[in-house]
Amino acid sequence: MIKLTLVVACALIDADNRVLIAQRPEGKTLAGLWEFPGGKLEPGERPEPALIRELHEELGITVEEPCLAPLTFTSHGYDSFHLLMPLYICRKWQGTVTPHEGQQLAWVRANKLRDYPMPPADIPLIAHLTDLLL
């Protein structure tokens, strides 16, 4: 039986309709690829509080739950596990987006997201963001 891993991700969208992506740092699985910020749920944690926690830990910003809107999800089979990842959008947060885990950040227009190499699970999400923002 394959392990199911639940991860939450967020497309932070700035005033210019650009999307924030982060580059996975060296030493992590899929290092060098670009992804939407987020992370794994802790046992017993709901997706929204998990995403709020991850955004604070990774980027130093504070997000309120009503500011997270579910957009779509991805379901992708990797060799050793199956990933299920809801993608939320967020246009409102407190604080300045700052990389707290040594990762590179980029604010990118939706039609330029394909220029950045991403993990296989993230790629299908681009079309939904392009439909929303262009």
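Student: Is lysine 28 buried or exposed, or something in between?

Tutor: Burial is read from relative accessible area: buried is under 20%, exposed over 50%, partly exposed in between (1.4 Å probe, protein chains only). Lysine 28 has a relative accessible area of 41%, so this residue is partly exposed. The model is predicted: local features need pLDDT of at least 70 and side-chain atom pairs 80 or more, whereas totals for chains, interfaces and linings use all residues. Residues are numbered from 1 along each chain as its sequence is written, and side-chain values use heavy atoms, without hydrogens and water.

Student: With which residue does lysine 28 form a salt bridge?

Tutor: A salt bridge requires a side-chain nitrogen of Lys or Arg within 4 Å of a carboxyl oxygen of Asp or Glu. Lysine 28 is paired with glutamate 101, their closest N and O atoms being 4.0 Å apart. This pair links distant parts of the chain, 73 residues apart: lysine 28 lies in the loop between strand 2 (18–23) and strand 3 (34–35), and glutamate 101 in the loop between strand 6 and strand 7 (105–109). Strands (E, at least two residues) and helices (H or I, at least four) are DSSP runs numbered from the N terminus. Glutamate 101, at 34% relative accessibility, is likewise partly exposed.

Student: How many salt bridges does the structure hold?

Tutor: The structure holds nine. One of them joins arginine 46 to glutamate 65, at 3.1 Å from N to O. Arginine 46 is in the loop between strand 4 and helix 1 (47–59), glutamate 65 in the loop between helix 1 and strand 5, 19 residues apart. Arginine 46 has a relative accessible area of 44%, and glutamate 65 one of 32%.

Student: What separates arginine 53 from glutamate 57 in helix 1?

Tutor: The two are four residues apart in helix 1, which means about one helical turn. Shared partners join Glu42, Glu45, Arg53, Glu54 and Glu57 into one network.

Student: What is the strand order of the open sheet?

Tutor: Strands pair if DSSP finds at least two bridges between them. Four strands form this open sheet in the order 4-1-6-5, with mixed pairing. Strand 4 (38–40) and strand 5 (69–77) are the edge strands, each pairing on one side only. Strand 5 runs antiparallel to strand 6 (residues 81–90), to which eight bridges join it. Within that pair, threonine 74 stands opposite methionine 85 of strand 6.

Student: Which helix packs on the sheet?

Tutor: Helix 2 (residues 125–133) does, touching strand 1 (3–12), strand 5 and strand 6, where contact means heavy atoms within 4.5 Å. The direction of helix 2 makes about 160 degrees with that of strand 5; axes are lines fitted to C-alpha atoms, for helices over the stretch in contact, and angles run from 0 to 180 degrees between N-to-C directions.
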